[in-house]
Amino acid sequence: MLVKTVLLIDKRIEQTVKYKKILENSDITVFTSSEFSDALNIMNSFEPDLILISDSMKFDIKKAIEQIRVLTYNTRPVIAVLSKSNHIQDRIEYLDSGADDFLSEPINSEEFKARIIAHLRRSFENCFSEKTLLFNSKISYKMIKRAIHEGQTWAILLIDIDNLEFYKEIYGELATDKLLQTYSAIIKSSLEKTDYIGQLSNDDFIVITTPDKAEKIANYLIHAFDTVASKFYSQAD
């Protein structure tokens with residue numbers, strides 16, 4: 001269910017269709033906008049992972065980038081500028097205003113795709129939990145927000161390990177890490193590729209799935225957790 005999302009802000013219909021097709025063929029969801037006000041609404045609703053903005057737009061792109069940086073402070077999307085210019089001074093000015101990359105047009109389609117995918121890969125790699133290798137709260141809240149605004153039928157499970165800090169005091173950090181890794185592996189094993197699993201905190205997991213699967217997953221997890229509990233807790237505990 002984890003879908004990488006790009007927002008393309010460009011008034012040029014031909015180029016918009018071209019770039020959108022390139023990225024969608026790489027399993028990336030692409031929103032397009034020819035107006036900055038509409039682009040801001042998309043940013044607020046879907047929190048895109050990367051924003052491509054063309055300097056063909058009528059407004060001041062440098063000021064727009066600065067505004068986007070302020071409005072997306074918590075989600076910190078990658079911002080790349082599309083420009084007909086190849087002057088070094090233009091590159092520097094856009095990068096100084098808050099852009100992460102500057103793509104001079106015309107750009108080879110394969111290079112364009114590779115650079116966008118590379119930006120997205122690095123962005124998501126920074127949002128993993130080191131212990132469980134699941135996405136952290138930044139990505140998880142983003143996925144919840146997208147599920148709400150996409151208008152599809154969905155269900156969410158909140159999975160909480162009670163008293164984890166007390167557990168850590170008694171059993172130690174290594175045992176706690178093993179417990180988290182085991183529980184996250186159990187949750188993963190119960191899901192399909194269309195489901196999402198992430199963390200909201202160290203001991204809070206979430207699963208986004210469909211209503212027809214939610215109760216089945218919950219029942220399986222209760223049984224599976226009970227089965228492995230004796231490996232992590234003493235009988236008395």
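The model shown here is a predicted one. Helix α3 spans residues 61-71, and its buried residues are Ile61, Ala64, Ile65, Ile68 and Arg69. These residues lie on the same side of α3, because they cover an arc of only 140° around the axis. A helix has 3.6 residues a turn, so residues three or four places apart point the same way.

The other face of α3 looks different in its exposure. Turned away from the buried side, it carries the exposed residues Lys63, Val70 and Leu71. The start of α3 has a contact of its own. There, a side-chain oxygen of Asp60 comes to within 3.0 Å of the backbone nitrogen of Lys62.

Take one pair in detail. Strand β1 (residues 5-9) runs parallel to β3, and four bridges join the two. Ile9 stands opposite Ile53 of β3.

Which helix packs with α2 at an angle of about 115°? It is α6 (residues 137-150), and the two axes are 8 Å apart. From α2, the contact uses Asn44, Ser45 and Phe46. From α6, it uses Lys142, Lys145, Arg146, His149 and Glu150. By type, the residues of this contact divide into one nonpolar, three polar and four charged.

## The three-stranded sheet

A further open sheet has three strands, in the order β6-β8-β7, with antiparallel pairing. Its edge strands are β6 (155-160) and β7 (196-201), and each pairs on one side only. Neighbouring strands here are turned by 25° against each other on average, direction ignored.

Strand β8 covers residues 204-209 and runs antiparallel to β6, with six bridges joining them. Ile156 has Ile208 of β8 as its bridge partner. Ile159 stands opposite Phe205 in β8.

## Helices on the three-stranded sheet

Two helices pack on this sheet. Helix α8 (residues 173-189) touches β6, β7 and β8, and its direction makes about 10° with that of β8. Helix α9 (residues 211-228) touches β6 and β8, and its direction makes about 15° with that of β6.

How do the residues of β6 divide between a covered and an uncovered face? Ala155, Leu157 and Ile159 are on the covered face. Ile156, Leu158 and Asp160 are on the uncovered one. In a regular strand the side chains alternate between the two faces of the sheet.

Key. Residues are numbered from 1 along each chain as its sequence is written. This is a predicted model: local features need pLDDT of at least 70, side-chain atom pairs count only at pLDDT 80 or more; totals for chains, interfaces and linings use all residues. Side-chain values use heavy atoms; hydrogens and water are left out. Two strands pair if DSSP finds at least two bridges between them. Axes are lines fitted to C-alpha atoms, for helices over the stretch in contact, and angles run from 0 to 180 degrees between N-to-C directions. Contact means heavy atoms within 4.5 Å. Buried means under 20% relative accessible area, exposed over 50%, partly exposed in between (1.4 Å probe, protein chains only). The arc is that of the directions from the helix axis to the C-beta atoms. A polar contact is a pair of N or O atoms within 3.5 Å; within protein, one must be able to donate a hydrogen and the other to accept it, and residues adjacent in sequence count only if both atoms are side-chain atoms. Ala, Val, Leu, Ile, Met, Phe, Trp, Tyr, Cys and Pro count as nonpolar, Asp, Glu, Lys and Arg as charged, and the others, Gly among them, as polar.
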